[in-house]
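Biologist: Hello! Shall we go through this one together, starting with the charged side chains and moving on to the strands?

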Amino acid sequence: MKDKNRTVSQGLKKQEGVVTEFTEHLWYFLADHAVIYSKEDVRFIFKNGMEIQV
């Protein structure tokens, strides 16, 4: 997990300035995959292992 966080952190540091919008490039860099369990339960899993339900 530490290696994944380090990779994500290093990638974000390459961004110029403060990240003010979520660009397509940033999405592809951070997101690993999505899981759809149902219409009400969609989850995005990020490369550092973080999971969010939307």
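Biologist: How many salt bridges does a search of the whole structure find?

Modeller: A word on the source before the count: this is a predicted model, where local features need pLDDT of at least 70, side-chain atom pairs count only at pLDDT 80 or more, and totals for chains, interfaces and linings use all residues. Residues are numbered from 1 along each chain as its sequence is written, and side-chain values use heavy atoms, with hydrogens and water left out. A salt bridge here is a side-chain nitrogen of Lys or Arg within 4 Å of a carboxyl oxygen of Asp or Glu. On that basis, the number found in the whole structure is two.

Biologist: Which residues do salt bridges that share partners join into one network?

Modeller: Asp 41 and Arg 43 meet through their side chains, N to O, at 2.8 Å. The side chains of Arg 43 and Glu 51 also form a salt bridge, at 3.0 Å. Through shared partners, one network joins Asp 41, Arg 43 and Glu 51.

Biologist: Is Asp 41 buried or exposed?

Modeller: Buried means under 20% relative accessible area, exposed over 50%, and partly exposed in between (1.4 Å probe, protein chains only). Arg 43 is partly exposed at 22%, and Glu 51 is partly exposed at 44%. Asp 41 has a relative accessible area of 14%, so it counts as buried.

Biologist: Thanks, that is clear! Now the sheet: which strands stand at the edges?

Modeller: Strands are DSSP runs (E, at least two residues), numbered from the N terminus, and two of them pair if DSSP finds at least two bridges between them. The open sheet has three strands in the order E1-E2-E3, with antiparallel pairing. Each edge strand has a single partner strand, so one side of it is left without a neighbour in the sheet; these strands are E1 (31–38) and E3 (51–53).

Biologist: Over how many bridges do E1 and E2 pair?

Modeller: A hairpin joins E1 to E2 through two residues. Ser 38 stands opposite Asp 41 in E2. The two strands, E1 and E2, pair in the antiparallel sense, and the number of bridges is six.

Biologist: And which residue in E3 is the bridge partner of Arg 43?

Modeller: Strand E2 (residues 41–46) pairs with E3 in the antiparallel sense over three bridges. Between E2 and E3 the hairpin has four residues, and Gly 49 in the turn has a positive phi of about 95°. Phe 44 has Ile 52 as its bridge partner in E3. For Arg 43, the partner in E3 is Gln 53.
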